[in-house]
Amino acid sequence: MSKNNVKAIKASEIELQEKVVAIKRVAKVVKGGRRFSFSAIVVVGDGNGVVGYGLGKANEVTDSITKGIDDAKKNLVRVPVFKGTVPHDAIGKFGGGLVLLKPAAQGTGVIAGGAMRAVLESAGVHDVLAKSKGSSNPHNVVKATFDALNKMRDPYTVAQQRGVELSKVFNG
């Protein structure tokens, strides 16, 4: 995650909901055969602009999810949500993952695939048009979605930086 204008948020201060994006059984080949363990990618968010993701690995599914939740709480970021949608178009890239986010009219809903949907709903985005154009690997899609959300700029701060009114930011 880029740390350009992102402030760390303490997980103890807010009420977070967890969503498991993917659980994968992985195998390590040893002398006696295969050793199986589990990796889980988890997204946590408060539904009001604060969201984070984490990866947990363990020999049991429940342990890997718990570790993923703990990791996600360490990586919380605040993303701008404007009237229930994203403020503007954005493209996010990570590895082979490429995602496109577009603002949508009220009542549209979250039009997004599995991994992106979990991130956007946890962030509190209710109306958005999203498309995953690259790899469908959930790890890369989640990280690409975070890249796109971190590129978002809040309209209020843009208006303040430009020294103009909020209506001028949208209408030109």
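1. Helix α1 (residues 61-74) lies across β1, β2 and β3 and runs at about 145° to β3. The angle is between N-to-C directions on a scale from 0 to 180 degrees, with axes fitted as lines to C-alpha atoms, for helices over the stretch in contact. Contact means heavy atoms within 4.5 Å. Helices (H or I, at least four residues) and strands (E, at least two) are DSSP runs, numbered from the N terminus.

2. The model is predicted: local features need pLDDT of at least 70, side-chain atom pairs count only at pLDDT 80 or more, and totals for chains, interfaces and linings use all residues. Residues are numbered from 1 along each chain as its sequence is written, and side-chain values use heavy atoms, with hydrogens and water left out.

3. Helix α3 (residues 138-151) lies across β1, β2, β3 and β4, at about 155° to β3.

4. The strands β1-β2-β3-β4, in that order, form an open sheet of four with antiparallel pairing. The edges are β1 (17-30) and β4 (77-78); each has a single partner strand, so one side of each is left without a neighbour in the sheet. Two strands pair if DSSP finds at least two bridges between them.

5. Within this sheet, eight bridges join strand β2 (residues 33-45) to strand β3 (residues 50-58) in the antiparallel sense. Phenylalanine 38 stands opposite alanine 58 in β3. In a regular strand the side chains alternate between the two faces of the sheet.

6. Lysine 67 sits in helix α1 and, leaving aside its neighbours within four places in sequence, is in contact with Leu55, Gly56, Lys57 and Ala58. Lysine 67 counts as partly exposed, at 46% relative accessibility. The classes are buried under 20% relative accessible area, exposed over 50% and partly exposed in between (1.4 Å probe, protein chains only).

7. Lysine 83 deserves a check of its backbone. Its phi is near 55°, a positive value in a residue other than glycine. Lysine 83 is placed in the loop between β4 and β5 (90-94) and is exposed, with a relative accessible area of 70%.

8. Strand β8 has two pairings to record. Strand β6 (residues 97-103) runs antiparallel to strand β8 (residues 128-132), with five bridges between them. Strand β7 (residues 110-111) pairs with β8 in the parallel sense over two bridges. Valine 128 in β8 is the bridge partner of proline 103, and valine 128 is also the bridge partner of valine 110.

9. For the whole protein, there are five helices and eight strands. From the N terminus on, the order of elements is β-β-β-α-β-β-β-β-α-β-α-α-α. The C-alpha atoms fill a box of roughly 70 × 35 × 30 Å along the principal axes. Of the contacts with a separation of 6 or more, 58% come from residues 24 or more positions apart.

10. Of the 172 residues, 38% count as buried. The accessible surface comes to about 9,800 Å², and 48% of this belongs to carbon and sulfur atoms; the areas come from the Shrake-Rupley method with a 1.4 Å probe. The mean positions of the 26 positive and 14 negative charges are 10 Å apart. Lys and Arg count as positive and Asp and Glu as negative, without His and the chain ends.

How values were computed
The place of a charge is taken as NZ of Lys, CZ of Arg, CG of Asp or CD of Glu.
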